[in-house]
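Hi,

Here is the structure I promised to pass on.

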Amino acid sequence: MIRAYGPAIVLIAAAALVPFAITANTVLNFIVFALIIALAAQGWNVLGGLAGQFSFGHAAFFGSGAYTTALLQTHWGVNAWVAFALSILLAGAVGWIIGFLSFRSGLRGSYFALVTLAFAEVLRILANASTFTGGAAGTLVKLDMGPANFQFASRAAFVWIALALVGFVLIATIAIMRSRFGAWLTAVRENEDAARALGVDTLAVKLKAITLSAAITGAAGALYVQYYLYLDASIAYGPWISIEALVAPIVGGIGTAFGPILGAAALHGFGELTKLFAGGIPGIDLVLYGLLLIATIAFAPDGIMGLLKRLASVFDRRRTR
Amino acid sequence: MLSVQSVTKRFGGLVAVDSASLDVAQGSIAGLIGPNGAGKTTLFTLVAGFEKPSSGTVSFAGQDVTALPAHERAALGIARTFQIVQPFAGLSVVENIAVGAYLRHPARADAQAKARAVADLVGLGGQLEQSAAALTVAGRKRLELARALATEPRLLLLDEVLAGLNPSEIRDMIPVIRNIRDRGVTILMVEHVMQAVMSLCEHIHVLAQGKIIAQGKPAEIASDPAVIEAYLGQGAAKRLQAKPAGGADA
Ligand SMILES: Nc1ncnc2c1ncn2[C@@H]1O[C@H](COP(=O)(O)OP(=O)(O)OP(=O)(O)O)[C@@H](O)[C@H]1O
Ligand SMILES: [Mg+2]
């Protein structure tokens, strides 16, 4: 138990101390943004990493979560916390529907990836055209500071909320990986026919995975809205977030519990640093981003987690010698 | 235990299984033999629920299971191995077997204990933590068997688990299979290794070009002219019979 959950608890507890040490708004801003990306990536990792179903369209879930919370508040005055909970449910439902349509018809691999991309793009175009969503002008959530409205004057409060969500999903991911459901996810990823022969209802497992995955990424979208209080179609459903959600786990270590978090931290950490030192060159952070991805795939296919594991085994060998 | 009633499977124009019927009695080891491409593996996929027959029915323990998907048949107690082994390559041996064990043991500790016990039974007890991808051919065949066994089946369908093994590995595996039957599991095995079929099976079904052409005790099958012809070509039975009398010209 301690072996399984200890590192996660230590990491989250350590991160929770950061706002006490650093109070600079720019840094806290960066941390909140990186945590939102980490959360979206954790969602992607459940489906892509654990169940092996690569999605190129997690924006569909991020955006659905984001729009649900934004529109419930602006159109019907629903309380922000209630809207947040509903947005997670609705994003999960969108995941289930997309999963049902694609897995029922047996889509796998790149076909599944392309279909998710298509869904996200269709949603983006619809959201951009509709007046209900504010169209191209976007939607502003009314500024009304106060814990009851899920709006905080202090950025530290947001860091802790985002961290609580990321921590919860991290613990839940470890619990899943150690459960029967986790074994079935892995079995589906490794070999669907063999899984079926062993009594695994592969369709049900994949549907559960995409629903969970979408709910988590939807929570990231809702959190984004709550922090920035603004949303438009290209933020909600744009390819940027689909890419963020899938690159972070790949860089961090696909199918590992910590991968999405380490990946998001590494990508955005490096991104910020280069902006700091070479801020004059527009898009320099994106260039670095691409370089990191290429380097990972070429030299560390198991991501940062794989590198850490290799390092650990090298030290082990030294010690036993 | 298992009853297959005039089952036919067409792949486009090709009739892979042609109105085949067979029964397997509870607690027995039955063999399914036949030349390459006879339709043996296809018949297994129909029994295990991986494909639906074009016509005919499959019953298991008195229940018509023709419409049930593979995972539900596994839950009822039908397990199969794959002729082309299908390990979960990224997992260790014990993790591979545990996936099967989870079917009846939802708790992690129980499933892993079951997986270890099954590994011992098939002789993989010393390789629990090894990656499945690193196993030898013989090891992979044992892993196929172990995973299927871990689901605690009542009927075990073995598709050429001895293929690719050397004679000493085959000698090691035969008691393993007999031991599984002695624990109460009914077995239907497809096998080309005749020495194993003859020593293990109480009843043999012969499939050729999708049709069941003979069935009976091993001794009867070995001398059945229709079977000899199916394996060696038309007229072979006659030639074989003529040989002892006719002399050296054959
Ligand atoms: N999914 C499929 N689609 C089309 N044809 C198939 C399919 N599966 C099997 N066949 C064909 O059906 C016939 C029977 O194949 P099957 O694999 O059942 O034979 P087998 O008796 O198991 O042979 P072997 O001893 O070589 O394993 C073959 O002609 C094969 O090419
Ligand atoms: Mg075959």
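**Around ligand 1**

Helix α1 of chain B gives the most to the shell around ligand 1, with three residues. Helices and strands here are DSSP runs (helices H or I, at least four residues; strands E, at least two), numbered from the N terminus. Before going further, the housekeeping: this is a predicted model, in which local features need pLDDT of at least 70, side-chain atom pairs count only at pLDDT 80 or more, and totals for chains, interfaces and linings use all residues. Residues are numbered from 1 along each chain as its sequence is written, chains are lettered from A and ligands numbered from 1 in the order in which they are written, and side-chain values use heavy atoms, with hydrogens and water left out.

Back to the ligand. Both β2 (14–24) and α1 of chain B supply at least two residues each to the shell. There are 13 residues around ligand 1, and those that come nearest are B:Gly37, B:Lys40, B:Thr41, B:Thr42 and B:Gln83; a residue is near a molecule or strand if one of its heavy atoms lies within 4 Å of it. By type, the shell divides into four nonpolar, seven polar and two charged residues.

**The magnesium ion**

Which protein atoms are the donors of the magnesium ion (ligand 2)? They are OG1 of B:Thr41 and OE1 of B:Gln83, lying 1.9 to 2.1 Å from the ion. Donors are N, O and S atoms within 2.8 Å of the metal (3.2 Å for Na, K and Ca); water is not among the atoms, so sites may look incomplete. B:Thr41 lies in helix α1 (residues 40–48) and B:Gln83 in the loop between β6 (78–80) and α3 (93–101) of chain B, so the pair ties together parts that are 42 residues apart in sequence. B:Thr41 is partly exposed, at 27% relative accessible area, and B:Gln83 is partly exposed too, at 34%. The cut-offs are under 20% for buried, over 50% for exposed and in between for partly exposed (1.4 Å probe, protein chains only).

**Two buried polar residues in chain A**

A:Ser55 is in the loop between α2 (25–50) and α3 (59–76) of chain A and is buried, with a relative accessible area of 1%. A polar atom of the A:Ser55 side chain lies 3.0 Å from the backbone nitrogen of A:Gly57. That is a polar contact (a pair of N or O atoms within 3.5 Å; within protein, one must be able to donate a hydrogen and the other to accept it, and residues adjacent in sequence count only if both atoms are side-chain atoms). Not counting residues up to four places away in sequence, A:Ser55 touches A:Trp44, A:Leu47, A:Phe112, A:Thr116 and A:Leu246, where contact means heavy atoms within 4.5 Å.

A:Gln151 sits in the loop between β1 (139–140) and α6 (155–177) of chain A and is buried at 3%. The side chain of A:Gln151 reaches the backbone oxygen of A:Lys142 at 3.0 Å. Beyond four places in sequence, the contacts of A:Gln151 include A:Asp144, A:Gln226 and A:Leu229.

**Positive phi values**

Most residues other than glycine have a negative phi. A:Leu229, however, has a positive phi of about 55°. A:Leu229 is found in the loop between α9 (202–228) and β2 (230–231) of chain A, and is buried at 10% relative accessibility. In chain B, the phi of B:Glu152 is positive as well, near 50°; B:Glu152 is in the loop between α5 (137–150) and β7 (155–159) and is partly exposed at 31%.

**The ends of α9 in chain B**

At the start of helix α9 (residues 225–232) of chain B, a side-chain oxygen of B:Asp224 reaches to within 2.9 Å of the backbone nitrogen of B:Ala226. The helix is followed by B:Gly233, with a positive phi near 100°.

Cheers

Notes. Nonpolar A, V, L, I, M, F, W, Y, C, P; charged D, E, K, R; others polar.
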